[in-house]
2 protein chains.
Amino acid sequence: VPFVAPALADSSNGTIGSGYTGGPLLLRSQGSFFVGGQDEFSDGLVSPNLQPPSTTLTPTGTYTVNQMYVHYQVPYFSGRVPIVLIHGCCLTGKSWETTPDGRIGWDDYFVRQSHPTYVIDQVGRGRSGYDPTTINEVAAGTQPISALPAIRTAGHEGAWTLFRFGPVYGQVFANEQFPVEAAAEFWKEIVPDFNGALPTPNPTLLNLSTLAVKLNGAVLISHSESFAFPWQTAVINSAGIAGIVAIEGSCSNQSQNVAVLAKIPTLILFGDHTSDFPNWTTNVQGCQTLVQQVKAAGGDMTLVVLPDVGIFGNSHMMMLDKNNLVVSGLIDQWIAARVERGHRYGQQQ
Amino acid sequence: VPFVAPALADSSNGTIGSGYTGGPLLLRSQGSFFVGGQDEFSDGLVSPNLQPPSTTLTPTGTYTVNQMYVHYQVPYFSGRVPIVLIHGCCLTGKSWETTPDGRIGWDDYFVRQSHPTYVIDQVGRGRSGYDPTTINEVAAGTQPISALPAIRTAGHEGAWTLFRFGPVYGQVFANEQFPVEAAAEFWKEIVPDFNGALPTPNPTLLNLSTLAVKLNGAVLISHSESFAFPWQTAVINSAGIAGIVAIEGSCSNQSQNVAVLAKIPTLILFGDHTSDFPNWTTNVQGCQTLVQQVKAAGGDMTLVVLPDVGIFGNSHMMMLDKNNLVVSGLIDQWIAARVERGHRYGQQQ
């Protein structure tokens, strides 16, 4: 019996991974492009373990590395400041999309707030690829084992407490906002992290600078591993960085950059339960010190620990938490006030 | 002087990577989710080369592998058959997005034709991640060098002729449709291919079956490495596969599956210049034989070599060629005629 296509309700009524959609979305354009990248010549393009070897894809040739993938959406009614979303360790741009329990992510939220939105995959991860040639050369015996690239990924157990889903693996804080019932879906977002194998400085930083300059003014939103990336980028070139939202990371090593940091309006966010963990307590305290230094230099830097403003239970992954749109709403209010038409700049757009 | 945000014309008028946008796009919903995935326990989550070792992300723990990333968009006016886009070797779902020279891709085209559209990253690539634990175990000395995973990627030189940009590297066919002036941008789409390191059968196949069943009827569009994936998926479970468009690959090893293949309307496409290369000549001839076998079994399988219907100069990467929307238009006409309301099924949707 030939296949007869059934009614296509499942995909058209949004029952797959959609949840709250925010209603119809009108885009002016969307697409993707790369920033950066350099060519290298290698004899390690194909593993010697691949048998039979391809007659057309040979081990020796030219290969492009260090480029950064960017996916963008421009809303139909635009004119607000573009936003660049920069994911953290062992994750990709997927972090900003649909939550593990099927609600809308911040990519969708910000474009619905009329911001052109740019989601990147860090160099070495996701659609930005990574350089496997050393692995293949070790397999071929032309490089020593010690040359193998440094790669890390996150186990469920370690991530549970690092991301503050609860005090120990499998336990949940009473007011926890992370959708732990969908943790199995969240673990699928984790990918190998190649940052330890990248050249210094991390090519993502220069690529972010190139992107911000191209955008002619953008707010960089960073998270965790990428927390300090906007500042490190600004030290290279602050042109194009209209504002910074740095979420959940370490302010150490920024004291020498205060003069640069004071040029750029910055919001620093931490979630709940930081005081239950020594490393998070240290991170919050370090950022309190940095804020004082930047303010003393005339800068506009604000630190918000969410429970201090009445938003409780947020995890490290606040862009995926059940109240994720409360947090993005707070960010957008800050952008409107301090970047787009704040008293410091007096702009009307 | 504090940063003053300039006019934001660059991103809002679409000068970055946009080109022809097709006008405003109205979506009902969009987002992403994963299909499949299994947990494994490993002591190779963190490379011993990473110094100092993280105190929170330890080498030992549980890690999820073999899941498949899916990004979807549902158009506001829907009801047409969903489309699943499956990329080829050494590439990711990026293949279906903006072309290297900045024109719209097939993801955008098909959603503008009112198809819910699902772009996957094959297991082991892009946002689907890969399993690095064996690499880290070899680095730690707990596994032999021979255990290193089989990884391949494509060099510019080999890909140039395999993808039929021209007869030899650096030369271009007179009627070539691939935007070779943007080849440097195309090379950035290439990532390491982990398929040689995946379990058998490739988990992408089962994940595609799960996705098609969830969608309750979908057209699978495959390319190159994934050319036969829809058929291999149908052999596992043909439920949910409403149609197949297989682009540029090998029909070998399908003769034993003719009974299954005859159940599903199928379009096979090849571009131009296949007769200039022995491997492409063999591929076209093999598919001509398969079409005869499937037709003899009562199936609906059509082979189109594009120059035979007056469409000239297409490369292996026809979704990126300058006439890419001519080719996708041909595919959509076939879908409307043979899958959605064709004489074989007589459906009106």
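1. Which element gives the most to the lining of the largest cavity? In this predicted model, that element is β4(A), which contributes 4 residues to the lining of the largest cavity. At least two lining residues each are supplied by β4 (68-75) and β6 (117-121) of chain A and by β4 (68-75) of chain B.

2. The search of the whole structure returns 5 cavities of 30 Å³ or more, and the largest cavity has a volume of about 120 Å³. Its lining consists of 13 residues, of which A:H71, A:E97, A:D107, A:V119 and B:H71 are the closest to the centre. By residue class, the lining of the largest cavity divides into 4 nonpolar, 4 polar and 5 charged residues.

3. For the interface as a whole, chain B contributes 114 residues to the contact and chain A contributes 113 residues. The two chains bury about 9,400 Å² between them, with 58% of that area on carbon and sulfur atoms. The rule finds 4 salt bridges across the interface of chain B and chain A, while the search of the whole structure finds 26 salt bridges over all chains.

4. Within chain B, B:E225 forms a salt bridge with B:R125, the closest N and O atoms lying 2.7 Å apart. Because B:E225 is in the loop between β7 (218-223) and α7 (229-236) of chain B and B:R125 is in the loop between β6 and α3 of chain B, this pair ties together parts that are 100 residues apart in sequence. B:R125 counts as buried, at 2% relative accessibility.

5. The side chain of B:E225 also meets that of B:R152 in a salt bridge, at 3.6 Å from N to O. Here again distant parts of the chain are linked, with B:R152 in the loop between α3 and α4 (156-162) of chain B and B:E225 in the loop between β7 and α7 of chain B, 73 residues apart. B:R152 is partly exposed, with a relative accessible area of 23%. In chain A, salt bridges that share partners join A:R125, A:R152, A:D193 and A:E225 into one network.

6. Chain A has 10 helices and 10 strands, and buried residues make up 64% of its 349 residues. Of the contacts in chain A between residues at least 6 apart in sequence, 74% join residues at least 24 apart.

7. A:S222, in strand β7 (residues 218-223) of chain A, is buried with a relative accessible area of 0%; leaving out residues up to four places away in sequence, A:S222 touches A:I86, A:F227, A:P230, A:V245, A:A246 and A:I247. A:T133 lies in helix α3 (residues 133-140) of chain A and counts as buried at 5% relative accessibility. Neighbours within four places in sequence aside, A:T133 is in contact with A:E40, A:S42, A:G44 and A:L45.

8. A cis peptide bond joins A:T200 and A:P201, with omega about -5 degrees, and A:P201 is in the loop between α5 (183-187) and α6 (203-215) of chain A. In chain B, the peptide bond from B:T200 to B:P201 is cis, with omega near -5 degrees, and B:P201 lies in the loop between α5 (183-187) and α6 (203-215) of chain B.

9. Is B:N253, a residue with positive phi, buried or exposed? B:N253 has a phi of about 70 degrees although it is not a glycine, and at 59% relative accessibility B:N253 counts as exposed. By contrast, B:N66, whose phi is near 75 degrees, is buried, with a relative accessible area of 15%.

Methods. Residues are numbered from 1 along each chain as its sequence is written. Chains are lettered from A and ligands numbered from 1 in the order in which they are written. This is a predicted model: local features need pLDDT of at least 70, side-chain atom pairs count only at pLDDT 80 or more; totals for chains, interfaces and linings use all residues. Side-chain values use heavy atoms; hydrogens and water are left out. On a 1 Å grid over the protein atoms alone, a cavity is a set of points where a 1.4 Å probe fits but cannot get out, and a pocket is an open set with protein on both sides within 12 Å along at least five of seven lines; lining residues have an atom within 4 Å of a point. Grid points are joined across faces, edges and corners, and a volume is the space filled by probe spheres set on the points. Ala, Val, Leu, Ile, Met, Phe, Trp, Tyr, Cys and Pro count as nonpolar, Asp, Glu, Lys and Arg as charged, and the others, Gly among them, as polar. Buried means under 20% relative accessible area, exposed over 50%, partly exposed in between (1.4 Å probe, protein chains only). Contact means heavy atoms within 4.5 Å. Buried area is the accessible area (1.4 Å probe) that two parts lose on being put together, summed over both.
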